[in-house]
Amino acid sequence: MMTDRYRAITSAYYRGAVGAMLVYDITKQLTFDHVTRWLGELRSHADNNIVIMLIGNKTDLGTLRMVATDQAKEFAEKEGLFFLETSAMESTNVDTAFYTVLTEIFRIVSKRTLVANEDQGTGNTALLTGTKLVVPTAEQNDEIKKGCCG
């Protein structure tokens with residue numbers, strides 16, 4: 001049956017994921033309504049410590065907004081999700097969304113490493129000492145993009 005095949009693929013797809021972005025279109029209420037289903041999929045198939053960010057996209061089309069910021073923010077708080085609104089068209093908050101998810105993943109992985117070292121009785125936290133997460137500025141990102149795709 002097709003749904004059994006879909007579920008097997010879905011389960012394998014989510015396995016090992018450490019971060020997810022649930023993106024809805026602020027101009028289409030239906031896309032926000034589907035977030036609950038996608039969140040359920042994530043939570044039933046992915047690791048319990050997965051970092052999830054809810055993202056409302058297309059803020060450049062604010063006059064067509066159908067999903068209120070407060071509605072989405074309240075949902076995110078209730079579900080324990082990070083929340084941000086973006087505009088892919090104008091590149092507003094897109095980098096911030098990725099940096100936020102990556103920073104939180106890094107924090108969780110570092111914490112796990114620290115706990116694992118303590119559990120093994122090594123007391124060795126050398127893996128975390130001096131670790132620095134460097135977030136490039138917008139200008140540096142522009143330079144990277146020019147070198148890559150310009």
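Q: Where does S91 lie?
A: S91 sits in the loop between β3 and α5 (94-119). Helices (H or I, at least four residues) and strands (E, at least two) are DSSP runs, numbered from the N terminus. This is a predicted model, where local features need pLDDT of at least 70, side-chain atom pairs count only at pLDDT 80 or more, and totals for chains, interfaces and linings use all residues. Residues are numbered from 1 along each chain as its sequence is written, and side-chain values use heavy atoms, with hydrogens and water left out.

Q: What's the phi of S91?
A: Positive, about 60 degrees, although S91 is not a glycine.

Q: And is S91 buried or exposed?
A: S91 counts as exposed, at 52% relative accessibility. The cut-offs are under 20% relative accessible area for buried and over 50% for exposed, with partly exposed in between (1.4 Å probe, protein chains only).

Q: What about N93?
A: N93 is in the loop between β3 and α5 too. N93 isn't a glycine either, yet its phi is positive at about 65 degrees. With 30% relative accessibility, N93 counts as partly exposed.

Q: OK, on to α5. Is E104 buried or exposed?
A: E104, which lies in helix α5, counts as buried at 16% relative accessibility.

Q: Which residues does E104 touch?
A: V51 and F82, leaving aside neighbours within four places in sequence. Contact here means heavy atoms within 4.5 Å.

Q: Switching to α4: which residues are buried there?
A: A72, F75 and A76. They cover an arc of only 100 degrees around the axis, so they end up on the same side of α4. That arc is taken from the directions from the helix axis to the C-beta atoms.

Q: Why would residues a few places apart point the same way?
A: An α-helix has 3.6 residues a turn, so residues three or four places apart point the same way.

Q: What does the buried side of α4 pack against?
A: The buried residues of α4 pack against β1, α2 (29-33), α3, β2 and β3 (82-85).

Q: And which exposed residues are on the face turned away?
A: D70, E74, E77 and K78. After α4 comes G80, with a positive phi near 75 degrees.

Q: Now the core. Which residues touch the most other members of the largest one?
A: Y24, F32, L42 and L54, out of the 19 residues in the largest nonpolar core. The elements giving two or more residues to this core are β1 (19-25), α3 (35-45), β2 (51-57) and α4 (69-79). A nonpolar core is a set of buried Ala, Val, Leu, Ile, Met, Phe, Trp, Tyr and Cys residues joined through side-chain atoms within 4.5 Å.

Q: How much of the chain is buried?
A: Buried residues make up 27% of the 150 residues. Among contacts between residues at least 6 apart in sequence, 72% join residues at least 24 apart.
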